[in-house]
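Let's take a walk through this structure together. Have a look at the model below, and then we will go through it piece by piece.

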Amino acid sequence: IHKMAHEGIPDCLRSKVWKKLLKVDEQIEENPDLYEEIKRAARKKSRDIDQIDKDVERTLRTHVAYNVRYSVKQKELFDVLVTYSSYDPTLGYCQAMNEVAGILLLYLNEQETFYALSALILDKIHNLHGFYESGFPKLIIFQDHLRKTMETLLPKLSKHLCCLDYNVSIITTKWFLSLFSNSIPFSCVLKFWDRFILEGSAVLYPIAFTLLKYHKKDLMKASSLEEVS
């Protein structure tokens with residue numbers, strides 16, 4: 001599994017491997033009826049329904065599974081997000097969770113996606129909770145680390161962006177919260193996700209740095225904020 005995750009898991013095996021790494025089947029065996037029980041009550045309890053409905057419509061719009069309003073996948077995504085927001089009321093729903101759950105749903109069924117999303121948010125190695133909770137504490141730590149690394153290893157780019165009054169956190173917020181789901185080619189997104197699910201949030205930072213380094217020449221040519229964006 002480790003070798004496959006580093007090289008890119010074959011698409012036909014991705015569902016099986018993701019479920020194994022996130023211990024989805026074990027969670028379902030422990031609480032086989034939990035998802036449906038929470039789901040039934042969630043639409044009455046969740047305070048995030050309106051925002052979730054808006055974000056579902058925006059999710060992965062170029063993918064055939066999501067490009068029709070109220071498609072099967074859109075409905076499943078809505079139910080997963082509303083159910084999770086009710087399951088974890090201290091966190092609720094954060095924009096970008098829709099992108100994460102949307103990709104999971106391409107390989108897992110609705111119930112499996114709920115448990116996989118829960119694992120990514122709550123377990124120790126992924127801990128997306130720290131990115132999504134009020135104040136975004138983990139996001140700020142990652143962005144600060146990336147900024148300092150740029151100052152050391154990409155000093156010219158760092159200075160150039162500073163002169164343009166461009167804060168890298170503008171783009172990295174989207175990268176980190178959505179796990180690059182709309183920021184790189186989809187085939188690369190899946191390969192990144194293979195490693196992320198295996199290794200956890202530690203892989204987010206080097207991927208972000210690599211992207212900035214890869215686009216260094218183009219960014220150095222920018223003469224305005226509009227060109228950077």
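A residue counts as buried when its relative accessible area is under 20%, as exposed when it is over 50%, and as partly exposed in between, using a 1.4 Å probe and protein chains only. Please keep in mind that this is a predicted model, in which local features need pLDDT of at least 70 and side-chain atom pairs count only at pLDDT 80 or more, while totals for chains, interfaces and linings use all residues. Residues are numbered from 1 along each chain as its sequence is written, and side-chain values use heavy atoms, with hydrogens and water left out.

Let's begin with the cysteines. Cys12 has 70% relative accessibility, so it counts as exposed. Cys94, by contrast, is buried, with a relative accessible area of 10%. A disulfide is a pair of cysteine sulfur atoms within 2.5 Å, and by this rule there are zero disulfides. For Cys12, the closest cysteine sulfur belongs to Cys188 and is 19 Å away, too far for a bond.

Next come the helices, which are DSSP runs of H or I with at least four residues; strands are runs of E with at least two, and both are numbered from the N terminus. Helix α9 holds His129, which is buried at 18% relative accessibility. Leaving aside residues up to four places away in sequence, His129 touches Asp88, Thr90, Leu91, Ile121 and Leu122, where contact means heavy atoms within 4.5 Å.

Now move on to helix α14, residues 204-214, where the buried residues are Leu204, Tyr205, Ala208, Phe209, Leu211 and Leu212. Seen down the axis of α14, these fall within an arc of 160 degrees, so they line one face of the helix; the arc is taken from the directions from the helix axis to the C-beta atoms. On the other side of α14, Lys213 and Tyr214 are exposed. What covers the buried residues of α14? The cover includes α9 (129-132), α10 (137-153), α11 (155-163), α12 (169-178), α13 (186-199) and α15 (216-221).

Finally, turn to a pocket: on a 1 Å grid over the protein atoms alone, this is an open set of points where a 1.4 Å probe fits, with protein on both sides within 12 Å along at least five of seven lines, and lining residues have an atom within 4 Å of a point. The second largest pocket holds about 310 Å³ of space. Among its 17 lining residues, Arg147, Tyr166, Asn167, Val168 and Ser169 are the closest to its centre. Helix α10 gives the most to this lining, with seven residues.

Terms used: Points joined across faces, edges and corners; volume = space filled by probe spheres on them.
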